[in-house]
Amino acid sequence: MKKNKISLFAAVMLALSSLIGSGWLFGAGEAARIAGPAAIFSWIIGAVIMIIIAINYVELGAMFPESGGMSRYAQYSHGSLLGFIAAWANWVSLVTIIPIEAVASVQYMSTWPWKWSKWTQSFMENGNISSHGLWVVMLFLLVFTLLNFWSVQLLTRFTNLISIFKLGLPALTIVMLIISGFHGENFTSQTQGFMPYGLKSVFEATAISGIIFSYDAFQTVINIGGEIKNPSKNILRGVIISLGISAIIYIFLQVAFIGAIDPATLAKRGWHGVNFASPFADVAIMLGLHWLAVLLYMDAFVSPFGTGVAFVATTGRALAAMTKNGNLPAWLGRLDRRYMTPRIAIATSFVVSAIMVSIFRNWSMLASIVAASTLIAYLTGPVTAAALRKMRPDFKRPVKLRGLNFIAPLSFVVTSLAIYWTMWPTTINVIGVIALGLPIYFYYQARYNQSNWGQILKGSGWMLAYLAFIALSSYLGDHTFGGIGLLKYPSDFGLIIAASLAFYYWALASRVDGPDLQHAQKVNRRVK
């Protein structure tokens, strides 16, 4: 078993392989189109939000070094129903990321400019994956899955190799765009300005241009916590290092992209008119950097491929962890005896991913589902961290967050704002997908578990009310965020902030000291 442990370097490479995926290929172009040069702030805001969220999970991950841990924390503090909602929402986001990366690869393949590659143009039709392209997507999903069937060693060897390329090319792109055609006036143009579409556009870009989605993969380190060497220290290090590196890369990519746009194009069309099918490759061709464009087209295959492989591992372990909560059949989480990988869970994720991409056939649709569902799951992190401080102050905490009484409610508030920014009708669509999982929960509770429904509803009632509130607020909200405009900006933000604080303290008061904490205590005893 010792030989299968993942080193800090391998954990960081695995996280970066997830973090540097299709987001860098699409995000900078989309964010600039929405917010102009102020998109730089969108990447900073996104990074700050995800770091604030991640800090809560670092404490929890160090306390409970178990694979797929993010699927279990909420159940420890608030009982089985809240645990199921959080785990299901998290798994929905993870299982959707896998086809996103396959779709990204195929979409870029469809724009290859060479004569010999004309056959790939049939992969896309009216902005969606065509029937021909869908077969290629399915092939990618199958390869992603098979690479995860044979031990963590094979997985980390693959991701270590691919991550070096994935980090090197964005850095090269930044340097070449800046030295080949950087127009500083694009940031201060009198006709456009630094923030041409106002502050609202900055928040809009943060949620819908793939920025939150791009930073989401920090949880890769948390979910493989039970397989990392020296987890009490390396979980924190892995999360901070991987998020820090990715934030620096994304921000500099945005700066380079903005500076590379021809000022004459901006004068004619404005930032809303900057709409490239393959943003960085198209800009490289405009600058005469054809060799860089070739590398970018290659990376449009490699980066999403690496992320897809990494997320199959994360998704399989998250689903396997859900079976330990008693709300899914135990055979789903069974480990292969030779390779110690949850093969059935991985295969199940493949099937669900295939269904998702058959229904939602473009990158933006899938990305919006990921952003909203993962943020809903993240709401429980600060609540659980604070609740466990009150219920079990004696638990071993290798990483004990200072100022949790301030950071936890702050995390809840910024997460709520980000959910609102994902826009109506994405909010209600994702809540509907989460609700589809509830019959599974109630079936297993009724058939196999002797449930204390009073405790279950106490621990989860706040979340059910919160989901209704955020859906209604999104519908009534500002036009910028897809609502009918009854709640105008910035009063909509004020309402979200005030209500989120109320929901946070309701959630904290709803903690349940139940049997799940006994299992949590057993896991915590393994901490050295």
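Is S353 buried or exposed? In this predicted model, S353 counts as buried, at 1% relative accessibility. The residue lies in helix 15. Leaving aside residues up to four places away in sequence, S353 touches V95, I98, P99 and L141.

Helix 5, which spans residues 80–109, packs with helix 15, residues 343–359, at an angle of about 65 degrees. The axes of helix 5 and helix 15 are 9 Å apart. Angles of 65 to 115 degrees count as roughly perpendicular, and helix 5 and helix 15 are therefore roughly perpendicular to each other. Their crossing is right-handed. On the side of helix 5, the contact is made by W91, V95, T96, I98, P99 and V103. Helix 15 contributes S349, V352, S353, M356 and V357. Sorted by class, the contact of helix 5 with helix 15 has eight nonpolar residues, three polar residues and no charged residues.

Helix 16 (residues 363–378) and helix 19 have axes that come within 9 Å and cross at roughly 65 degrees. The crossing in which helix 16 passes helix 19 is right-handed. From helix 16, the residues S368, I369, A372, S373 and I376 take part, and they meet T426, V430, I431 and I434 in helix 19. This contact of helix 16 with helix 19 divides into six nonpolar and three polar residues, with no charged ones.

The loop between helix 18 (404–421) and helix 19 (426–436) contains P425. A cis peptide bond joins W424 to P425, and omega is about 5 degrees. M423 is also placed in the loop between helix 18 and helix 19. Phi of M423 is near 80 degrees, which is a positive value in a residue other than glycine. With a relative accessible area of 17%, M423 is buried, because the cut-off for a buried residue is under 20%. Another cis peptide bond runs from Y489 to P490, with omega near 5 degrees. P490 is found in the loop between helix 21 (453–476) and helix 22 (491–509).

An α-helix has 3.6 residues a turn, so residues three or four places apart point the same way.

R402 is placed in the loop between helix 17 and helix 18. The C-alpha atoms of R402 and A47 are separated by 20 Å, and these two residues are 355 residues apart along the chain.

Terms used
Residues are numbered from 1 along each chain as its sequence is written. This is a predicted model: local features need pLDDT of at least 70, side-chain atom pairs count only at pLDDT 80 or more; totals for chains, interfaces and linings use all residues. Side-chain values use heavy atoms; hydrogens and water are left out. Axes are lines fitted to C-alpha atoms, for helices over the stretch in contact, and angles run from 0 to 180 degrees between N-to-C directions. Helices (H or I, at least four residues) and strands (E, at least two) are DSSP runs, numbered from the N terminus. Angles under 35 degrees count as roughly parallel, over 145 as roughly antiparallel, 65 to 115 as roughly perpendicular and the rest as oblique. A crossing is left-handed if the near helix is turned anticlockwise from the far one by less than a right angle, and right-handed if clockwise. Contact means heavy atoms within 4.5 Å. Ala, Val, Leu, Ile, Met, Phe, Trp, Tyr, Cys and Pro count as nonpolar, Asp, Glu, Lys and Arg as charged, and the others, Gly among them, as polar. Buried means under 20% relative accessible area, exposed over 50%, partly exposed in between (1.4 Å probe, protein chains only).
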